[in-house]
Structure formats: C-alpha cells, structure tokens
Amino acid sequence: MCRHQMLLGVLLVGFAGLAHADLYEVTVDTSSITGTAGSLDFNFNPGPLVTQDASLQILNFASDGSLAGSPALTGDVSGILPATLTFDNGTALNDYFEGFTFGSTLSFEVSLYGPAVSSPDGVSTSGSTFAFSMFSDAAGTIPALTSDTTDGFAFTTVVNLDGTTTVTPFSSQTTVTPAASSVPEPSSWALIGIALACMGTLHLRRYGRKPGGNL
Amino acid sequence: MTCSANASNIPTARQEGITEQIGDIVITCMGGNATDGLAASQVNITVTLISTITTRLESTSGVGGITASDALLLIDEPTTGCVPGVSPCSSGYGPVPYFGSNAAFNACPNPTTGGCSAAGYHVVGTDGSVYVVETTGASPAALGANQAPNVYQGIVNSNQVTFFGVPVVAPGSNGIRIYRITGIRTDASTFSNGAVVQAFVTTSNPAALPISNAQPIVGFVSASLITSVAGTTSFAQGGSQTLAPAGILAYSEANNFASAFKTRVDPICGTPMPFPGLCVGQITPTGLTAGQGSALVQNVPGTIYNGESGFTPGNLSGLIGTNIGLADFGTRFRAVFTNLPAGVKLYVSTVNVNVASGVATGPVTIGAPSFAALVTGDSAAEGSFVASTVTGPNFIPLVEIDTPGSSTASATWEVITTRPTAIDTYQFAVYISYTASPAVGAASVNLAYAPTSTIFTSTSADPIPRFLDTSVAANLEISVTASGLAYSRVSQTFNGTVTIKNSSSAAISGPFQIVFTLLTAGVQLTNTSGVIDGSPFITVPGVTNLEPGQTATTSVQFKDPSDVKIQFTPEVISGSIN
C-alpha cells in the first residue's frame, strides 16, 4: 500500500511541479531608518466584483532589525513573523500588522498561488491585490521608504484576471525581483512529504530491517 | 399647342429608402385648337428615371393580365375647383362647371390597353370666355354629363412608368391643360447623399403632345436617419438584476431633414382634431381610431402630404386595385439585438421615452408631438400595437422581447405623431433582468428603419415604405473589471482600479461614467465624481472614445469602516451626465 502511496506521491509531486505559483524576492534597504521603531504591514485583499480564490505566503522573512511581537492579524491570515505568513482572499481585509525596529536590511519572499493564479476561470471580474507598507511609527500612520505618501505602499502586487501578476513599486529602497522559476504550491508540499515518507519507509524495510532479520 | 414639364412638390427622398416618393411631374399645355367632337389623339406618356421605379403594383390584373401601378396621371387637376355637391363654392363653379378642375375624379378603366377616347368641345365659361373641355365624345350637357375620364393608371416597367392612351385635347386660347403625374416611388438607396433625381418625360406622339423642358428634377436625396445607443451598461455576472437600465436607443432625423419621419398619412389635421395631438387617419395604440381604415383619403392634387402616403384618391371606381397610393404604415424603427447572453431577459419600452441626464424619466404620452409605439413586427399591419405587460422604472411601459433559447431579439416601433417642420428624435429604453449567473457576453444592437428589404423593384406583395438595412452594430455592453483592493493604513481606504473595455466591433463615444450601484451598505466611494439616482459614479478621466477592444482604467477608493466585503454592481453610462 505504501508503495502505491509513494507512486501516487511522486505522481502528484510531478503535478505539483506543473502547478503555477508566482514567487517574488523582496529586499529593502532600510539603512536610512536604522533604529527607527516603526511597523510593517502586509495585506492581501479581493476586489469588489466576482473574485476567484487566491492565496499568498510571506516566506523566509529575514532582517537585522527586530520584530516587536504581538502582531495584529485581521481576516484570513495565519502565522507570525519571522515564520511563514499565509493569506487567503476570503474576506475584505486580510491584514498582518506588527511593530518593527528597522535594521539596515529587510528581505522576504512573496508567493502567490491558488486557482486565480494557476487556473483562472475566465469569468471572474475582479483580481486580488497584495500591498506591503513600512511606517516610521509604531501606529502605522507615517509612511517610510516610499514615494506613495498618500497611501504609504512600498509596493503592490496584483493578481490579474488571466492569472498573471503585476508588481507596482513605490519605493526606491525596495527591490522586488521575480524568482527564476515557479515553486510548488503549499498543498503540494504535503504530498511531497507523503511521498518522501513512503520512500523512507520502504528504504527502512529494505535496508533498515536487515539486522532485525538476523535476530 | 405647346407644353412644358415641371416638377412640383419636390420632396427630399431618404437615402435609406427603397420606395421613396418623388415630386409630381406637371405637364402644362397652352394654345392649339380642337374640333368639337373630333376624337382626340391618344399618346403614351412615359416617365423614365435612372433608378428603379418601386411604386406599388396592384395585385388585380387589368385587361390583358397587365398589372397596373399606383402611379397616376390626372388631367386638369380634378376636384381642386368647386365640385357641385362635393365642395360647394360660394363664388361659382369656375370657368366651366363640372369640367376641368371642377370635375370629380373619373378613372379610365382601361389603363393597360390604350386608354379612353375623348373629344374636345368649346363651351362658354362662367366668366364669359370660351374654353375647350374634354368629353367622352358626346356634346357636354348641362350639369356635367359626358365628362372624359381624367385619371389614368401607369404601367411600370423597371425604371419607367407609362400612361397609355392619354387623350390630348388642345385647350385653346383661353385655358390650359394640365397633366399631373403623381405617385411615382423610386429606390433612393442607389443615389449618393446629396444627389438629385431627374426624370425624363417622353411621349409616343410628340406632334400631338410636344413637351419642352422634359427633364425636370423631381427629388433630392439625403441621408435621413441618425441612430445612437447611449447609457450602455455592463453588469456583473454575479448577483441579479431586475429591470436594470441597459441603454437608450435613439432615432433622430438628420439635420435639415425634418420631414424624414412620417406618419402613414399626413399628420397635419384640421382643428379641432378628433383626439388631442392626433390627426384623421391615425390610429392610436390604445385602440382609438381616428379615421383609420379604408377611408384614408388625401386627394387634393398638388397638395404636399407629409406622410408615407402621397396622393391617395381612395377606392376610386374604375381604377385597378384598392387604396391607390396608400402606404402600409408610418415610418418604423427597428432594433435588432444579437448575442444576448443566455439567462438574460430583455425589455423595451412600448412607447418612446423622455430622457434626462442619460436616464429614461418617463414615457412620452399620446398627444405629444413626437410619439411612437411598439408594433408586433417590421411589416405587421397598421394598428398591430403591442400592449405593455410590465411597468418599468418611472412608470415606463415595457414588454419582454427575448425568447428563451435564442440569442437574438427585435423590436419595432412606428411613428404615430411627428413634426414635419422640426427635427424629431424618438428614444426608447432598454432594460434587462436576470437571476444568478447568466452567461457572459456583450449584446449588440442594430438600429435602422423598418421594414428592411432587398426587393428593389415594383411589386404588389412588398410593403411600402421599405428600406435598405443601413444599421451598424452598436454594443449594449461595456465590460467592467476591477483589481483587488489594497488597504492603506494611512488613508484608511481600500484602493484599486476599475477598468472598462469596449468589447464590440464599433467605437463607442464617451465620456464614460462608471456607476457604482448597489454599493455595500456602510461603504463609501471617496473619489466619486457625483451621484446619479442615488448611486455614486466616477467619470473615467480623459477618455472621449473607446475603439473596439480598447480599455480605460480609473482608480477607486472606498471607505469601509466595518471592513465588510466591498461589493457593487457596475453600470457604465456612455455620454454626458449633466
């Protein structure tokens, strides 16, 4: 049975490799505000018309600054930095806000995935939008490192109706770079795990039990 | 005897029209002499146009199986004088009572084989002068006996109409003889805009009937119809709509062509009118009849009748056919809708509507100067009005015109009242309803005169008037999409964009207003351009025109204090909102 699971797992990993997700690497030069007790905001929201499901993850958050802890999470968002944050677009406001004392640099990855990215339905009329903002105050009212003084966004990423994504930067200190290739969606990682577990089990059966067999 | 041909009542012909009336041709003769009782020479008079003649053929054949047409030749303007017992004249009966212009209509029953015999007789008129009258050959008796026939039907052959066997009696020195040719229609669609229609008049015996100036201009051709579709609207697939405004269809007379839209018969009536705003000969969509039926007579030679019908002598004894000269109905407008998404119900107003700020504000009522009503089809018989089954917004009477399973629908309206000296515009409202998840699509509509036809010859079966289909598809829908809404902690607004796209094959004129109807309660559009019918709208900046496939995007900002899901139903209005 496990052999079957392994085969299934390998097969699904193969499919996962085909599943589409857009990955962006974000690097922010925060050296100009090092030591500032500010804040960070991430939100990922649907549009006002018919919106297809989409999700987003913040991965590999790293900085020589320090998180304040006790983040404010609103809507369909889970996780706590520096661990992975996961957003869905099921409610109007899906927001992660946390105090942050800036160091000299800040980086993370943004992964966009889900049906709206991998298999756009062609009938939905709204996309979804991710926005990242930095503030020089803990309350999140004074934009930092952005030319968008009205709304305070450092950059936004829009999931378009055709499944593509578009980044709009507002910060000269922020670099948003598309990753070289697509990555498996998170649901696929579970299947990969199952496959690897089966492979491991089979390996133990084949080799690990030899001593026991001698008993 | 000398004769010259001129045109009178020269109309402007609609370039879209296949059966357009041209002006009367009047041949006026003077001089000569006639021998009393001598049979007059009979000539065939032929009018030739460079375009096909499309005068109606009567379905009843005459002698020899030849079919006569509604084109008529009248001698000496009968009935325009004083006709004893018909139109009493207080100042006497003119030069010769019972003859000439004082005669009643008297049709020659053999128009297809050689006309009717006639002879001239000298008689003394009431003014003491001597005149030559036409008799059947016998001496003119007192009280009008033996008048010669004075109405002849023409025989159409392609671009010619011929009046056979017309007797020619020289009028002598004191009178004139008038041959009026009326009721000729032609296919004006073969002319370019601004062209003139010239006639060529010939006779079979120029010695008996010599005609100078035999090439009169009998018409001017001009494009006449301007159509537009305003208030084009896009609807989101989700949710539902009930009688939501989807567009305003407009039919306007072209500049300097105020008489393009016509009622079936002349809309100018005496006073008092039988019904306010209506004229004898018109029928109303409420079933009131004001002279409608077989008595649609407008029979004064030389009169300008601003109707689809011209000179109409009624059921005159001796003429082949009935209702000679009578059109089948007034000017009609049609709208053909295509590519209707499945699941969408389409409604149109049964009458024209008043429009303000791009919104239909109410129905035009019977009695208004410019009134039109929905009929059952392009060529439906006069009076086939469609009753309203649904009352729409602002008490506009509506009827559903879609057919389940079909992606097309059509509507046809007929002009009931119109102003022949002012530019008229008739506007009709379109509404849609649907429940959840109809098919996606952009409906188009073609606007034109009705009925359209490809029959460009004289026939007995095809309607008059009829028109070339000059319509161009206009789109009823502009698609609307939106981005996601990023939340700004600074402005405390949800920010995004809304994009409109012209999905049709024709350009759509702006400006464009996106109306945010049914916006979620508690949500406020902060960058609104204004409010219409209680809903905020944004004018898409800097866009005056959308070519096919072109898009335009505008930013939107919402206040949403409760973080509820922001939703609205977009509607796009093309045209200015005042």
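Among contacts in chain B between residues at least 6 apart in sequence, 74% join residues at least 24 apart; two residues are in contact if their C-beta atoms, placed from the backbone, lie within 7 Å. In chain A, residues 24 or more positions apart account for 75% of the contacts with a separation of 6 or more. The model is a predicted one, in which local features need pLDDT of at least 70 and side-chain atom pairs count only at pLDDT 80 or more, while totals for chains, interfaces and linings use all residues. Residues are numbered from 1 along each chain as its sequence is written, and chains are lettered from A and ligands numbered from 1 in the order in which they are written.

Chain B contains 0 helices and 44 strands, whereas chain A has 4 helices and 13 strands. Helices (H or I, at least four residues) and strands (E, at least two) are DSSP runs, numbered from the N terminus. Of the 578 residues in chain B, 52% are buried; in chain A, with 215 residues, the share is 44%. A residue is buried if 20 or more other C-beta atoms lie within 10 Å of its own, exposed if 12 or fewer, and partly exposed in between, the C-beta atoms being placed from the backbone.

Two strands pair if DSSP finds at least two bridges between them. Within chain B, strand β5 (residues 41-49) runs antiparallel to strand β16 (residues 196-203), and 5 bridges join them. Here B:V47 stands opposite B:V201.

B:V201 is also one of the residues that B:I27 touches, together with B:C3, B:A5, B:Y179 and B:I211, when residues up to four places away in sequence are not counted. B:I27 and B:Y179 are among the residues with the most contacts inside the largest nonpolar core, which has 66 residues. Such a core is a set of buried Ala, Val, Leu, Ile, Met, Phe, Trp, Tyr and Cys residues joined through C-beta atoms within 7 Å. Strand β13 (residues 160-168) of chain B gives the most to this core, with 5 residues. Apart from it lies another core, of 64 residues, including A:Y96, A:F132, B:F537 and B:F568.

In chain A, strand β2 (residues 37-46) has 9 of its 10 residues buried. This strand runs antiparallel to strand β8 (residues 95-101) of chain A, with 7 bridges between them, and A:N43 stands opposite A:D95. β2(A) also pairs with strand β10 (residues 128-135) of chain A in the antiparallel sense, over 8 bridges; there A:P46 has A:S128 as its bridge partner. The C-alpha atom of A:D95 is 7.8 Å from that of A:A72, 23 residues apart along the chain. A:A72 belongs to strand β5 (residues 72-74) of chain A and counts as partly exposed because it has 13 C-beta neighbours inside 10 Å.

The contact between the chains takes 31 residues from chain A and 26 residues from chain B. On the side of chain B that touches chain A, β34 (478-482), β35 (486-488) and β36 (493-502) each supply at least two residues.
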